[in-house]
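Work through the exercises below with the structure open. Try each task before you read its solution.

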Amino acid sequence: MPTVRPQVVAHRGASHELAEHTLGAYLEALDIGAGGLECDVRLTADGHLVCVHDRDLRRTAANKGIVSTMELSDLSELDFAAWKNPWSDLDDEAPDEDENLRGVLTLRKLLETVADYDRRVEVAIETKHPTRYGGLVEKRLVDMLRDFGWDRAGAPVRVMSFSFTALQRVERLAPEVQLVQLLDKPASWPMLRRVIGRDWIVGPGIKMLRDHPRVAESITRSGRDIHVWTVNKEKDLDRCLALGVKAVISDRPALMLDLLEQRFGPAE
């Protein structure tokens, strides 16, 4: 019987049901009871951090533009939700949607939403690299966390990256912010385990844990907290429970919460 009930973190919001990184997807994740929200951040040409995964906008906004070369005002004119349900305009019975739930989402707006919510919700913020702005992304991120008073121990945020260098930057700028070293290649673990900070969390992908059980055992033996992405199936959740992971990052937070209730009972 598993003993650790992991936190359920909504990957880009409730992104199985609603368009990723939109305010609508995050509000849905909050409403169903997700304990955390995950987002990717990129820097616009005029210095705003926005919640967008891809370097360009072809997949999520039907636009050839590159996020780093566009200003926030340009991004604000785009629909970031239409791709998820391209036939919605043809449905006469579909309810009218608030356009604010469909547009580009700034990190500041997401953090304000979390800060105003009626329970503690944590935010896992991934910085994307390589990027033309290099370390400026982490600098702007830490500046924003300071605005919220969230650059201190116990704050409801953590910063994640596949880039060890990026996380080192955050550690220098804000030593108390919790850090997560993301990991998708088993060959990189032997090196990373020797150099990452003592209190850093390890964030392996579920596919790596499935395909490389010896690496999964090694990560577990390291004694570090483990946050796993992207966990969308029952068998993968059970794998995480067996390893004692502390957080599962999922496109389907409602399903994960239901499965955990079956195993642990209602959440307190």
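**Exercise 1.** Classify Glu234 as buried or exposed, or in between, and find its salt-bridge partner.

*Solution.* Start with accessibility. Glu234 has a relative accessible area of 40%, so it is partly exposed. The classes are buried under 20%, exposed over 50% and partly exposed in between, with a 1.4 Å probe and protein chains only. Next, the partner. Glu234 forms a salt bridge with Arg263, at 2.7 Å from N to O. A salt bridge needs a side-chain nitrogen of Lys or Arg within 4 Å of a carboxyl oxygen of Asp or Glu. Now place both residues. Arg263 sits in helix H11 (residues 253-264) and Glu234 in helix H10 (residues 234-243), 29 residues apart. Helices are DSSP runs of H or I with at least four residues, strands are E runs of at least two, and both are numbered from the N terminus. Finally, Arg263 is buried, because its relative accessible area is 18%.

Two notes on the source. This is a predicted model: local features need pLDDT of at least 70, side-chain atom pairs count only at pLDDT 80 or more, and totals for chains, interfaces and linings use all residues. Residues are numbered from 1 along each chain as its sequence is written, and side-chain values use heavy atoms, with hydrogens and water left out.

**Exercise 2.** Which parts of the chain does the salt bridge between Glu138 and Arg169 link?

*Solution.* First, check the contact: the N to O distance is 2.9 Å. Then locate the ends. Glu138 lies in helix H5 and Arg169 in helix H6 (residues 164-173), so distant parts of the chain, 31 residues apart, are linked. Last, Glu138 is buried, as its relative accessible area is 0%.

**Exercise 3.** Find the salt-bridge partner of Asp40, then the network that holds the pair.

*Solution.* Asp40 meets Lys128 at 3.8 Å, N to O. Asp40 belongs to strand S2, while Lys128 is in the loop between strand S4 (122-127) and helix H5 (136-147), 88 residues apart. Both residues are buried. Now widen the view. Salt bridges link Asp40 and Lys128 in a network with Arg12, Glu20, Asp54, Arg59 and Glu126. The total count is 21 salt bridges.

**Exercise 4.** How many helices and strands does the chain have, and what share of its residues is buried?

*Solution.* Count the elements: the chain has 11 helices and nine strands. Then take the burial: 50% of the 268 residues count as buried. For the extent, the C-alpha atoms fill a box of roughly 50 × 40 × 35 Å along the principal axes.
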